[in-house]
Amino acid sequence: MDSFDSTTKRFRIPLLNDSVSAGFPSPADDHMEENIDLNEHLISNPFSTFFLRVKGESMINAGIKDKDLIIVDKSLIAKPGDIVIAMIDGEFTIKRLSIKNDELYLKAENHNYPDFSFKNHIDVQIWGVVIYSIHSYL
Amino acid sequence: MRISSNDAIALIDANNFYASCEQNINPNLKNKPVVILSNNDGCIIARSPEARALKIKMGTPYFKVKEKLNKLDVAVLSSNYSLYGDMSRRLMNLLKNYCEQIEIYSIDEAFVSISRPNDKNLYPWARNIRSLIYQNLGITITVGIGENKVKAKIANKLAKNIDYSAGIFDLASTKNENNYLKRISVDKVWGVGRQTSNWLQSKGIKNAKELRDMEENEIIKKLGIIGKRLQLELKGYKCLPIEKNKKSKKEIQVSRSFGTPITKLEDLTQALATHAIKASEKMRSQNLQSSDIRVFARTSKYSNQNYQKSAHRKLTNATDDTNSILKIVVELSKEIYNPEYKFSKAGVLMQDLTNSEYLQQSVINYKSQKDLKKSSNLMRTIDLLNKRFNNNAITWAITKTPKSWTMNKNFLSRSSTTDIEQIPTIVK
């Protein structure tokens, strides 16, 4: 990894501790791999990836629930069908970028929430594309 | 075009970096005037373009403009270095992918080297990198390109001052370089300090072009090799290389202003001890050890008292051990204390740093290997725990923080990009 990227230094908790030396050496010692690191698997552009937290149920039909952890990659260009984070009227909003009658709009994945039309709004910014949502079942 | 060399150097810096970091992660601040205050909420050190437009000046003490800012509905924030540090790291790493070498020059600027394409035109490269950084981080950068560092700096200034430049200026591709150099006054040339600038002005040298064409002997007589190098760079030679691996720091300083001035020895010692712990931690994280430990304290620059004192201790063996350093700092704090004065700032400096990996124990003061290992194990454990469970999970009893001397950070925004507990919320 990059030499001056300090955040890639993280704690890895080894599965076995090699200081336990009593008895026979484990036949698995030679096959110890590093542990699975979700950062590595979920994030391909670490320098443009940010985390956000969902509040509310506006995206429930897309499987995104209250309190879910959202991973956003800002380097991606949003295309129709993507779930995006937008900055609208001083707030972060999560919606699906959709297209109807040749016109882009932001669709709420919950019938109780309004869609958002870009018409009549100047101050809208698509902030990033959602690449994962993480839900806790505990 | 009169470009001869294929290599170019660009100075890339972020515009209104601190304010942009805040505005990018907090939708509430988007398109609003924002100012950032220095440590201890002292004065204004950064402004968003919207705040600039309101003619709010850099360096203004906050208390003087508090009401005005309130009336103008300006968002006021304490400096949030965990956010700026993280965004800086992202910025530099992204830039690295688009150049050959990079020298990080400060939190928001870097020199990069880049080869010119066949048509010598670096504008497409600069436009690309500029839109990429905006897309990825929400930060606008300025790109100044030249044959060397001094000219890249000048080009960056021009990029900011020329309306049609759109944040990019290549000084080496202009037909009339002289006209542009004339626009840069000598005090704005990189490496020209106030004294040098005064001397140059007294000689009638007002701008970068006149400095370049000045009598060489005269400049060498006054400024030596540094002056000669500066002049050569202005002439287009490359004297100052990109320093890829900058030398490690010569010293580590931890100092803070007090929320309210302190007068008691006890408070001073406590503050210095806290700084000493932080400084030792910093040293260990960089594998450094110090053999010269200094403490200092001073009264406020704005008060009628004018007192400052420092004291230091040279050590036979360099150390990074918090316990040993604390003992020394506590003793030193007595030396600089004076009951007559109200101290507004104090700090510790770890000087004479050496890399602990190559450290040799002196024969005279030989500590047994076992003791040494014990203390370094303890320190490592503490660092690990503090890293794991947030700062100061474990600390030394001497530092129980009283409110009076901790820094004022009344308007601190969240660590939105580095702390899972503080990430932004999507409300709709």
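**Exercise 1. Find out how many of the residues of chain B count as buried.**

Of the 428 residues in chain B, 38% count as buried. A residue is buried if 20 or more other C-beta atoms lie within 10 Å of its own, exposed if 12 or fewer, and partly exposed in between, with C-beta atoms placed from the backbone. For chain A, the share is 20% of 138 residues.

A word on the model before we go on. This is a predicted model, in which local features need pLDDT of at least 70 and side-chain atom pairs count only at pLDDT 80 or more, while totals for chains, interfaces and linings use all residues. Residues are numbered from 1 along each chain as its sequence is written, and chains are lettered from A and ligands numbered from 1 in the order in which they are written.

**Exercise 2. List the elements of each chain.**

Step one: helices (H or I, at least four residues) and strands (E, at least two) are DSSP runs, numbered from the N terminus. Step two: chain B has 13 helices and 13 strands. Step three: chain A has one helix and seven strands, and from the N terminus the order is α-β-β-β-β-β-β-β.

**Exercise 3. Work out how H1(B) and H4(B) are arranged.**

The two helices, H1(B) and H4(B), pack at an angle of about 95°, with their axes 10 Å apart. Angles of 65 to 115 degrees count as roughly perpendicular, under 35 as roughly parallel, over 145 as roughly antiparallel and the rest as oblique. H1(B) and H4(B) are therefore roughly perpendicular to each other.

Next, the residues: B:Phe17, B:Tyr18 and B:Cys21 in H1(B) meet B:Leu83, B:Tyr84 and B:Met87 in H4(B). Two residues are in contact if their C-beta atoms, placed from the backbone, lie within 7 Å.

**Exercise 4. Trace where chain B touches chain A.**

Step one: 19 residues of chain B are in contact with 24 residues of chain A. Step two: helix H4 (81–96), helix H5 (123–137) and strand S13 (425–426) of chain B each supply at least two residues of the side that touches chain A. Among the contributors, H4(B) gives the most, with four residues.

Step three: strand S1 (residues 49–54) of chain A and S13(B) run parallel, joined by two bridges. Here A:Arg53 has B:Thr425 in S13(B) as its bridge partner.

Methods. Pairing = 2+ DSSP bridges. Axes fitted to C-alpha atoms, helices over the stretch in contact; angles between N-to-C directions.
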